[in-house]
Amino acid sequence: MNDLDTLTTAQHGTAPLAAAPRRDGVLRPVLWLTLLALAVANVTTSVAGLVAVSVPLGLGVLACVAALVVHHRRTRS
């Protein structure tokens, strides 16, 4: 009895189906850079006493952390 993968490989010259390539190469570094920029801006505005600006920046930091956690959980192998 013939193995279907071997038969397919022999007929078409291609290997059996492989895992799809990962496309998350850009998102994670962008999230990390955004997190870093927001954290620095948050610290700066907190030290300067600009609470009205610091609070939204802090929320942005939390959003980036949440996005990184979700991204990690979805893409881990």
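Contact, in what follows, means heavy atoms within 4.5 Å. On that basis, of the contacts in this protein between residues at least 6 apart in sequence, 55% join residues at least 24 apart.

Colleagues, a word on provenance. This is a predicted model, in which local features need pLDDT of at least 70 and side-chain atom pairs count only at pLDDT 80 or more, while totals for chains, interfaces and linings use all residues. Residues are numbered from 1 along each chain as its sequence is written, and side-chain values use heavy atoms, with hydrogens and water left out.

I turn to the overall architecture. The protein has three helices and zero strands, these being DSSP runs numbered from the N terminus (H or I, at least four residues, for helices; E, at least two, for strands). The order from the N terminus is α-α-α. Of the 77 residues, 18% are buried, that is, under 20% relative accessible area with a 1.4 Å probe and protein chains only; over 50% is exposed, and partly exposed lies in between. The accessible surface, by the Shrake-Rupley method with a 1.4 Å probe, comes to about 6,300 Å², and carbon and sulfur atoms account for 69% of that.

Next, the pairing of two helices. Helix α2, residues 27–48, packs with helix α3, residues 51–75, at an angle of about 155°, their axes 8 Å apart. Here axes are lines fitted to C-alpha atoms over the stretch in contact, and angles run from 0 to 180 degrees between N-to-C directions. The angle therefore makes α2 roughly antiparallel to α3, a label given to angles over 145 degrees. By class, the contact of α2 with α3 has 14 nonpolar, 10 polar and one charged residues. Nonpolar covers Ala, Val, Leu, Ile, Met, Phe, Trp, Tyr, Cys and Pro; charged covers Asp, Glu, Lys and Arg; the others, Gly among them, are polar.

Which residues illustrate this pairing?

Thr45 lies in helix α2 and counts as buried because its relative accessible area is 11%. Leaving aside neighbours within four places in sequence, Thr45 is in contact with Leu50, Val53, Ser54 and Leu57.

Gly58 belongs to helix α3. With 17% relative accessibility, Gly58 is also buried. Its C-alpha is 7.3 Å from that of Ala39, at a sequence separation of 19 residues.

Leu68, in helix α3, is buried at 11% relative accessibility. Beyond neighbours within four places in sequence, Leu68 is in contact with Arg28, Leu31, Trp32 and Leu35. Leu68 and Pro29, 39 residues apart in sequence, are 9.8 Å apart from C-alpha to C-alpha.

Thank you.

Methods: Parallel < 35°, antiparallel > 145°, perpendicular 65-115°, else oblique.
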